[in-house]
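I opened the model to go through its sheet, its helices, its core and its charged pairs. My notes follow in the order I looked things up.

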Amino acid sequence: MKAVVTVVGHDQVGIVAKVSQKLAELKVNITDISQTLMHGDFTMMLMGEWNEKTTTFDSVKKGLEDLGKKTNLDIRIQRQELFDAISKTLVGHIGNQANFRYDSNDL
């Protein structure tokens with residue numbers, strides 16, 4: 001199973017460490033990660049992957065929700081398939097918009 005995790009909140013010491021530790025406890029491998037600070041707010045997006053035979057999506061979601069409450073961070077997770085479907089829909093929509101031609105004679 002692959003999933004996208006987002007973390008947003010006021011910057012504090014150890015956010016990456018806390019989230020990484022929780023994911024390691026849940027047997028989730030981080031395959032990609034990006035983080036930044038924006039005006040004192042921390043944002044992170046990561047891709048996690050795990051074996052569905054040993055770890056369920058719901059257990060990962062619950063573990064991250066609990067960590068979010070404990071650290072006052074907004075931590076969300078969504079299945080990679082959902083993320084891909086949304087991206088494809090948006091790209092298709094944008095592609096259709098790009099093919100639209102405006103002709104001033106149409107007014």
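**Salt bridges**

I began in helix H2, where Asp66 and Lys62 are 4 residues apart and therefore separated by about one helical turn. Helices here are DSSP runs of H or I with at least four residues, strands are runs of E with at least two, and both are numbered from the N terminus. The side chains of Asp66 and Lys62 meet in a salt bridge, 2.9 Å from N to O. My criterion is a side-chain nitrogen of Lys or Arg within 4 Å of a carboxyl oxygen of Asp or Glu.

Before going on I noted the basis. This is a predicted model, so local features need pLDDT of at least 70 and side-chain atom pairs count only at pLDDT 80 or more, while totals for chains, interfaces and linings use all residues. Residues are numbered from 1 along each chain as its sequence is written, and side-chain values use heavy atoms, with hydrogens and water left out.

Next I checked accessibility. Buried means under 20% relative accessible area, exposed over 50%, and partly exposed in between (1.4 Å probe, protein chains only). Asp66 is partly exposed at 35%. Lys62 is partly exposed too, at 47%.

How many salt bridges does the structure hold? I find 3. Another one joins Glu25 and Lys22, at 3.3 Å from N to O. These two sit 3 residues apart in helix H1, so about one helical turn separates them. Glu25 is partly exposed at 47%, and Lys22 is partly exposed at 23%. Asp74 also forms a salt bridge, with Arg76, and their closest N and O atoms are 3.0 Å apart. Asp74 is partly exposed at 34%. Arg76 is exposed at 53%.

**Sheet**

I then traced the strands. 4 strands form an open sheet in the order S2-S3-S1-S4, with antiparallel pairing. Two strands pair if DSSP finds at least two bridges between them. Which strands are at the edge? They are S2 (29-38) and S4, each pairing on one side only. Neighbouring strands are turned by 15° against each other on average, direction ignored. Axes are lines fitted to C-alpha atoms, for helices over the stretch in contact, and angles run from 0 to 180 degrees between N-to-C directions.

S2 and S3 are joined by 9 bridges. Along this pair, Met38 stands opposite Asp41, and Thr36 has Thr43 as its bridge partner. The S2-S3 hairpin has 2 residues between the strands, and His39 takes a positive phi near 55° there. S1 and S3 pair over 9 bridges, antiparallel. Val4 has Met47 in S3 as its bridge partner.

Phe42, Met44, Leu46 and Gly48 are on the covered face, whereas Asp41, Thr43, Met45, Met47 and Glu49 are on the uncovered one. In a regular strand the side chains alternate between the two faces of the sheet.

**Helices on the sheet**

H1 lies across S1, S2, S3 and S4 and runs at about 25° to S3. H2 packs on the sheet, touching S1 and S4, and its direction makes about 165° with that of S4. Contact here means heavy atoms within 4.5 Å.

Which residues of H1 are buried? I list Ile15, Val19 and Leu23. Seen down the axis of H1, they fall within an arc of 55°, so they line one face of the helix. The arc is taken from the directions from the helix axis to the C-beta atoms. Their cover includes S1, S2, S3, H2 and S4. After H1 comes Lys27, with a positive phi near 65°.

**Core**

The largest nonpolar core has 20 residues. A core is a set of buried Ala, Val, Leu, Ile, Met, Phe, Trp, Tyr and Cys residues joined through side-chain atoms within 4.5 Å. Val7, Val19, Trp50, Val60, Ile75 and Ile77 have the most contacts inside this core. H2 gives the largest share, 4 residues.

I looked up Trp50 on its own. Leaving aside neighbours within four places in sequence, its contacts include Met1, Lys27, Phe57, Val60 and Ile77.

**Gln80**

My last stop was Gln80, in helix H3 (80-98). Is Gln80 buried or exposed? At 12% relative accessibility, Gln80 counts as buried. Gln80 touches Lys2, Ala3, Val4 and Met47, not counting residues up to four places away in sequence.
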